[in-house]
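Let's take a walk through this protein together. Have a look at the sequence and the model, then read on.

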Amino acid sequence: MTLSPAGDLRDLSENPSDYPTGDLSVESQDQPDSAQQLPARGSSPGTTNWRVVASKLLHFVAAIFLFVLAIQLMKKGAAPVGARLKTTLFFDNAVSTLGLGWLGAYFVLAGSPVAAISLSFFNAHALTSLQTFTMLSGSRLGASFIVLLVGFLYSIRNKDRKRTIGMGVLALSMTAIVYIPGMLVGYGVLKSGLLTGINWRASNGVSGVIDFVWGPVVDFATRSASAPVLFLIGLGTILLAFKLLDRVLPDLDHERQAQARGHWLKKPWPMFFLGSLAALLTLSVAVALTALVPLAAKGHVTRREAIPYIMGANITTLADTLVAAMLLDRALGVQIVLAEAIAVALITVFYLAFFYKSISRAIIALDDWVVQTNKRLWGFVVGLFLVPVVLIAIGTVIGPLVA
């Protein structure tokens, strides 16, 4: 491995034992913490904090309202739309839906909206359980694409591509090696009948509140728009809901956070649980993983340390999808999400317990190889789009043979 242009010695190895645990970042020493935390003139810190808390609370309430509204709108619009799509080649089989879910997550820069769409179509009997399962899995495979995009934007300022773009390559690679076998294991769990007795759904009290609060809005929208338009409105609404949830996240001082937790960020299991918690609280693996890019750009988190964090985030990111399945009130939809989550959790824990070092070496070696030249990097990006497109093409050829 070569020395970076900036002369950063921490890039000579991804092994934490190869360099001191102290922070060698120049950026973090430019200004003292006190200078960065000065309140605005004419306002007190207490007043500012209350305003921030109130703003975040309003954003959170609005996001939850829009999330539930989006599920109800897509539920209403999915039946007629799904009936039309069911007759198209793209929804003939599980191979096509895998590619559609994967490619769809690229275009909306998030996996959760696409996962909600798959459950809405399943609830409308437009997709089989296998097609829903593969479309859900595809949405997770494409969800980390935003990390690569953010890494590219950071690389414009920070020329060290291993820390920026490399983090996106790492996130996509780690998601693939977990979710691809996870599809096989998860569908086996689903078909085994182990989850048959699980029938989680919104209680009658919750359903009554939903009908009372959201019912008038849904009824008005149903009268005012056709089913396809209603479904598109629901999709736009859920995207807006996740955008508002992003604003609820605290504005972390990356330098101080990294310095305060540096002594335990080096260990795999704490990072695994931290990633799990981050995705659970943000309800978005894209948000949880994108936070790694600025930390990596400043040298506070190495790619090796990020691997268990990514693994944890890829499990709990299914929490919002599980809530959507419960709101749609179909037991098998909940079982599909649970089967995926159980399989991914089992494979992740197995990797961490027995193959963490070998997986880390292999993934980082692949990461180094990809970002080493522009030709390889562009080949990787083209491959990201080519694989789901090929899956869709294969699905259209084989037709309903793999329903």
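## The nonpolar core

A nonpolar core is a set of buried Ala, Val, Leu, Ile, Met, Phe, Trp, Tyr and Cys residues joined through side-chain atoms within 4.5 Å. "Buried" here means under 20% relative accessible area, while exposed means over 50% and partly exposed is in between, using a 1.4 Å probe and protein chains only. In this predicted model, the largest nonpolar core has 104 residues, and I71, L148 and L289 touch the most other members. Helix α7 (residues 165-192) gives the most to this core, with 12 residues. Helices (H or I, at least four residues) and strands (E, at least two) are DSSP runs, numbered from the N terminus.

What does I71 touch, once neighbours within four places in sequence are left aside? The list is A116, I238, A324, L327 and L328. A contact, by the way, means heavy atoms within 4.5 Å.

## Some ground rules

This is a predicted model, where local features need pLDDT of at least 70 and side-chain atom pairs count only at pLDDT 80 or more, while totals for chains, interfaces and linings use all residues. Residues are numbered from 1 along each chain as its sequence is written, and side-chain values use heavy atoms, with hydrogens and water left out.

## The whole protein

Zoom out and you'll find 19 helices and zero strands. Of the 403 residues, 50% are buried. Take the contacts with a separation of 6 or more: residues 24 or more positions apart account for 84% of them.

The accessible surface comes to about 19100 Å², and 69% of that belongs to carbon and sulfur atoms. Such areas come from the Shrake-Rupley method with a 1.4 Å probe, and for residues only the protein chains shown count as cover.

## Rings that meet

There are 10 aromatic pairs in the structure. Rings of Phe, Tyr and Trp (its six-membered ring) pair if their centres lie within 6.5 Å; planes under 30 degrees apart count as stacked, over 60 as edge-to-face and the rest as tilted. Y106 and F145 form a tilted pair, with 4.9 Å centre to centre and 45 degrees between the planes. This pair links distant parts of the chain, since Y106 is in helix α3 (residues 94-108) and F145 in helix α6 (residues 145-157), 39 residues apart. Y106 counts as buried at 3% relative accessibility, and F145 is buried too, at 13%.

Y106 also forms a tilted pair with F385, at 4.9 Å centre to centre and 55 degrees between the planes. F385 lies in helix α19 (residues 374-398), so the pair ties together parts that are 279 residues apart in sequence. F385 counts as partly exposed, at 29% relative accessibility. Put together, Y106, F145 and F385 form one aromatic cluster.

## An enclosed helix

Why is helix α16 (residues 319-328) described as largely enclosed by the rest of the structure? Because seven of its 10 residues are buried. They are D320, T321, L322, A324, A325, L327 and L328. Just after α16, D329 takes a positive phi of about 65 degrees.

## Around L280

L280 is found in helix α12 (residues 268-282). Is L280 buried or partly exposed? L280 counts as partly exposed, because its relative accessibility is 41%. Not counting residues up to four places away in sequence, L280 touches T316 and A319. The C-alpha atoms of L280 and T317 are separated by 6.1 Å, although these residues are 37 apart along the chain.
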